[in-house]
Amino acid sequence: MFQDLTDFEVVPTYKIREVTFDINSSGGSEPVARMVAGKYDEFMNPYTVFVGPGLETVAGAIVNNQAYDKDGVRIGGLDYKYVRHMNSGADITFRQNDMVELVGKQVGMLGKIRDLPLVGVIDNSDFVGGVVQLRYRFRGSGSPGFEMTKAAGVSNRYRFSVHDPKINRLMVLACYALLEGQTSKNPMKGVNEFAKGFTADYWRGPKRGRSRSSGDNK
């Protein structure tokens with residue numbers, strides 16, 4: 001059911017020691033899936049996605065802008081490039097192994113104003129994230145792709161519309177994880193990040209070994 005979603009919303013819940021993201025189908029009363037932020041010492045920026053009855057079955061994982069299935073097989077990854085500076089938004093390249101490459105660009109008002117000289121100053125004051133809708137459209141050769149939209153404000157909810165059935169929903173969640181980390185204005189996210197500094201996991205740092213970056217397994 002999770003992989004069949006075409007219109008859905010990701011709803012974050014930020015707590016002192018835990019961050020979860022419920023994936024709700026349009027019109028649905030219960031979450032279809034849940035993404036849970038992992039501990040600092042597993043990998044940098046790990047998320048596990050759960051589906052099924054009670055949301056207890058692992059569907060896959062998101063690690064460093066890469067999506068992996070339940071068996072640890074890499075599905076694909078994301079690359080992003082800032083348009084001019086880090087406050088003016090980024091173009092996102094969506095590379096899923098079994099389909100054409102998609103490029104995501106900001107559309108709407110932010111897509112029009114992001115190259116203006118004062119955009120970086122405005123964004124640093126949190127003005128843009130508070131009053132302007134953020135919308136990305138992903139398209140590729142022969143693929144209608146998908147769209148993701150964040151309403152103005154601090155809720156950090158994103159709504160998705162998937163137009164190509166080939167798109168793996170774990171890859172879509174990787175896009176969410178990327179932008180959630182860059183665009184969140186939610187004060188509880190800040191509290192959660194602050195609280196990490198008082199945990200043993202944080203001071204131990206990531207486990208030694210090869211980390212999975214955006215360039216791995218291409």
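What percentage of the 218 residues of the protein count as buried? The figure is 45%, where buried means under 20% relative accessible area with a 1.4 Å probe, counting protein chains only.

Colleagues, a word on the basis of these values. This is a predicted model, in which local features need pLDDT of at least 70 and side-chain atom pairs count only at pLDDT 80 or more, while totals for chains, interfaces and linings use all residues. Residues are numbered from 1 along each chain as its sequence is written, and side-chain values use heavy atoms, with hydrogens and water left out.

The protein has 6 helices and 12 strands; these are DSSP runs, helices being H or I with at least four residues and strands E with at least two, numbered from the N terminus.

I turn to strand β8. Strand β9, residues 102-107, runs antiparallel to β8 and is joined to it by 3 bridges; strands pair if DSSP finds at least two bridges between them. The two strands form a hairpin, with 5 residues between them. Phe-94 has Leu-102 in β9 as its bridge partner.

Phe-94 also belongs to the largest nonpolar core, a set of 43 residues in which Phe-2, Phe-94 and Phe-146 have the most contacts. Such a core consists of buried Ala, Val, Leu, Ile, Met, Phe, Trp, Tyr and Cys residues joined through side-chain atoms within 4.5 Å. Helix α4, residues 169-183, gives the most to this core, with 10 residues.

Beyond four places in sequence, Phe-94 is in contact (heavy atoms within 4.5 Å) with residues including Phe-146, Met-171, Val-172 and Cys-175.

Note on methods: Buried < 20%, exposed > 50% of the residue type's maximum accessible area, 1.4 Å probe, protein only.
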